[in-house]
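Biologist: I would like to learn how to read a structure like this one, step by step. Could we begin with the chain itself?

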Amino acid sequence: MKIGALAQQFDVTVDTIRFYEKQGLLATAPRSGAGYRQYSTSDVQRLSFILRAKAIGFSLQQIRELLAIEDNKSAWVCADVKDKVALKIQEIEQQRAELQRLQQALQQLHNACCGGTVSANACSILAALAQAEPV
């Protein structure tokens, strides 16, 4: 399968596939006599794995680690994979807590503002942002 067909099958760009090759997540495909990259069924499966892992939030490094396990399953146990997922869940929980903190700070700014037609010279949001203290 040529790179364009592979990209179309997964609704990604050709550059995305090249990027994964450069990152070492996807092997560089051999070229046909005409110079076209030729992807095998295993390449298709690997790209599918990469894209599914990315879709659920794994970073490139985390995907690289999962692929290392996928490539040598007999050297690993399920607990190793589960640990990686648990770490990702913990990371997401930390991100969610930070987003909630940001939302609360923004809500305080929003609630403190009159939102009226008064000059921005008296804007409580701008005044709070100009203070040296965190919001």
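**Reading the helices and the core**

Modeller: Over residues 1–69 the chain is 61% helix and 0% strand, with the end C-alpha atoms 26 Å apart; helices (H or I, at least four residues) and strands (E, at least two) are DSSP runs, numbered from the N terminus. This is a predicted model, in which local features need pLDDT of at least 70 and side-chain atom pairs count only at pLDDT 80 or more, while totals for chains, interfaces and linings use all residues. Residues are numbered from 1 along each chain as its sequence is written, and side-chain values use heavy atoms, with hydrogens and water left out.

Biologist: Which residues have the most contacts inside the largest nonpolar core?

Modeller: In soluble globular proteins, nonpolar side chains tend to be buried together. A nonpolar core is a set of buried Ala, Val, Leu, Ile, Met, Phe, Trp, Tyr and Cys residues joined through side-chain atoms within 4.5 Å, where buried means under 20% relative accessible area, with a 1.4 Å probe and protein chains only. Here the largest core has 18 residues, and I17, Y20, Y39, I50 and I63 have the most contacts inside it. Two or more residues each come from α1 (3–10), α2 (14–22), α3 (41–55) and α4 (60–71), and α3 gives the largest share, five residues.

Biologist: Which residues of α4 are buried?

Modeller: They are Q62, I63, L66, L67 and I69. These residues lie on the same side of α4, because they cover an arc of only 160° around the axis, taken from the directions from the helix axis to the C-beta atoms. Their cover includes α3 and α5 (78–112), counting contact as heavy atoms within 4.5 Å.

Technical notes:
Buried < 20%, exposed > 50% of the residue type's maximum accessible area, 1.4 Å probe, protein only.
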